[in-house]
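Please read these notes with the model open beside you. Take the points in order and find each residue as you go.

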Amino acid sequence: MTYLPKAERYDAMKYNRCGKWGLKLPAVSLGLWHNFGGIDVFENGRSMMRRAFDLGITHFDLANNYGPPPGSAEENFGRILKKDFKPYRDELIISSKAGYLMWPGPYGEWGSRKYILASLDQSLKRMGLDYVDIFYSHRPDPETPLEETMMALDQAVRSGKALYIGLSNYPADMTRRAVYLLKELRTPCLIHQPRYSMFDRWVENDLLNTLEEEGIGCIPFSPLAQGLLTDRYLKGIPEGSRATRELFLTKEHVESAHGKIIKLNKIAQQRGQSLAQMALTWVLKDKRITSVLIGASSVKQIENNVEILKYQSFEKEELLQINEILKQ
Ligand SMILES: NC(=O)c1ccc[n+]([C@@H]2O[C@H](COP(=O)([O-])OP(=O)(O)OC[C@H]3O[C@@H](n4cnc5c(N)ncnc54)[C@H](OP(=O)(O)O)[C@@H]3O)[C@@H](O)[C@H]2O)c1
């Protein structure tokens with residue numbers, strides 16, 4: 001059936017500015033790292049994208065290597081775009097990245113100009129796009145000079161294949177140097193994509209201050225700690241959950257977090273929220289955060305997560321209680 005997006009799709013979502021720049025992102029964005037690959041059910045991914053867009057989610061995040069197999073999430077996304085979203089390209093913010101292993105030999109990963117620009121061309125082809133809105137260096141390369149990687153990103157923008165540039169997984173000091181190089185090239189850095197959740201707070205030390213000083217946005221990935229900060233694992237490891245794949249999230253992760261999850265869930269219940277909703281509200285409480293980049297395996301999860309827009313931030317006492325639990 002032809003997809004007709006809901007006319008009221010922009011009514012409830014909040015759109016936040018990326019640092020000081022002109023681009024706004026929805027408070028909740030959807031990532032396609034899991035559940036959109038060649039091994040997944042295509043129609044489930046398609047339903048999630050349709051529902052997400054109907055709820056005002058305009059930003060979809062990809063990378064060259066998402067799948068499995070690597071590249072298949074971009075291919076499936078391209079198929080969904082062609083079937084359902086062609087008339088709405090200008091309403092979408094699509095990002096991709098290059099940094100992790102994509103093809104054999106010395107040119108298939110990291111941060112050389114050779115790899116970055118070839119990878120972008122491959123991503124565009126897989127998605128059937130002329131350009132991406134945001135193109136990221138997915139991880140810092142300890143061997144390639146930072147200038148070379150930044151010059152490749154600048155080239156991506158100048159060639160019209162990307163509108164904006166982002167950095168992902170760069171520590172604060174390297175971010176500062178990269179931002180300086182990009183300024184010199186006159187292709188400024190729009191946004192940083194770090195991992196950030198109640199369970200992983202490294203960005204609070206230095207990175208968030210750096211981003212604020214430079215007027216750069218921040219879109220944390222895995223804000224639900226891959227599902228740990230939800231009701232998914234309250235009673236063990238359910239069939240079909242990410243932890244059953246034992247790849248990025250393992251039984252050991254679930255076991256070691258279990259005590260905290262139970263306690264955090266109690267606070268969420270007192271607030272009248274699901275644990276997932278509380279974890280997302282917690283990340284978004286910092287005004288330096290532009291958007292939370294969630295993953296999902298069902299339409300229901302997306303609906304549950306977008307509901308956070310209805311909830312209040314935190315009382316001081318609640319934050320203290322949460323900090324106490326996280327310290328244990
Ligand atoms: N830049 C990078 O290096 C990097 C790295 C990782 C991810 N990312 C990006 O960030 C995106 C999100 O990462 P993520 O998938 O790890 O994020 P996440 O939001 O922390 O975890 C998503 C998982 O949480 C569970 N979930 C979500 N909402 C739920 C709800 N309301 N109730 C119960 N369970 C719920 C689902 O698990 P089940 O699947 O078990 O149902 C879902 O797959 C990725 O798709 C990708 O775009 C970037």
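The points below go from the whole chain to single residues.

1. **Ground rules.** This is a predicted model: local features need pLDDT of at least 70, side-chain atom pairs count only at pLDDT 80 or more, and totals for chains, interfaces and linings use all residues. Residues are numbered from 1 along each chain as its sequence is written.

2. **Overall build.** The protein chain has 10 helices and 10 strands. Helices (H or I, at least four residues) and strands (E, at least two) are DSSP runs, numbered from the N terminus. The radius of gyration is 19 Å, close to the 20 Å that the globule rule gives for 328 residues, so the chain is as compact as a globular protein of that length. That radius is taken over C-alpha atoms, and the rule is 2.2 Å times the number of residues to the power 0.38. Along its principal axes, the C-alpha trace spans about 50 × 50 × 40 Å.

3. **Burial and contacts.** Of the 328 residues, 43% count as buried. Buried means that 20 or more other C-beta atoms lie within 10 Å of the residue's own; exposed means 12 or fewer, and partly exposed is in between, with C-beta atoms placed from the backbone. Take contacts between residues at least 6 apart in sequence: 76% join residues at least 24 apart. A contact needs C-beta atoms, placed from the backbone, within 7 Å.

4. **The core.** The largest nonpolar core has 85 residues, and Ile134, Phe135 and Ala279 touch the most other members. Helix H8 (residues 275–284) gives the largest share of this core, 8 residues. Such a core is a set of buried Ala, Val, Leu, Ile, Met, Phe, Trp, Tyr and Cys residues joined through C-beta atoms within 7 Å. Beyond residues up to four places away in sequence, Phe135 touches Ser96, Leu120, Leu153, Ala156, Ala162 and Ile165.

5. **The sheet.** In what order do the 8 strands of the open sheet run? The order is E9-E8-E7-E6-E5-E4-E3-E10, with parallel pairing. E9 and E10 stand at the edges with a single partner strand each, so one side of each is left without a neighbour in the sheet. Two strands pair if DSSP finds at least two bridges between them.

6. **Strand E8 and its partners.** Is strand E8 (residues 189–193) mostly covered or uncovered? It is mostly covered: 5 of its 5 residues are buried. E8 pairs with strand E7 (residues 162–168) in the parallel sense over 4 bridges. Between E7 and E8 the chain passes through helix H5 (residues 172–185), and this β-α-β crossover is right-handed. Right-handed means that, with the strands pointing away from the viewer, the path from the first strand over the helix to the second runs clockwise. E8 also pairs in the parallel sense with strand E9 (residues 217–218), over 2 bridges. There, Ile191 stands opposite Gly217. E8, helix H6 (residues 207–214) and E9 make a right-handed β-α-β unit.

7. **The ligand.** The ligand is surrounded by 31 residues, and the closest are Gly31, Trp33, Phe221, Gly227 and Gly295. Strand E10 (292–294) and helix H9 (299–306) are the elements that give two or more residues to this shell. The largest share, 3 residues, comes from H9.

8. **Lysine 24.** Lys24 lies in strand E2 (residues 24–26). Lys24 is partly exposed, with 17 other C-beta atoms within 10 Å.

Technical notes. Contact = placed C-beta atoms within 7 Å. Near = placed C-beta within 6 Å.
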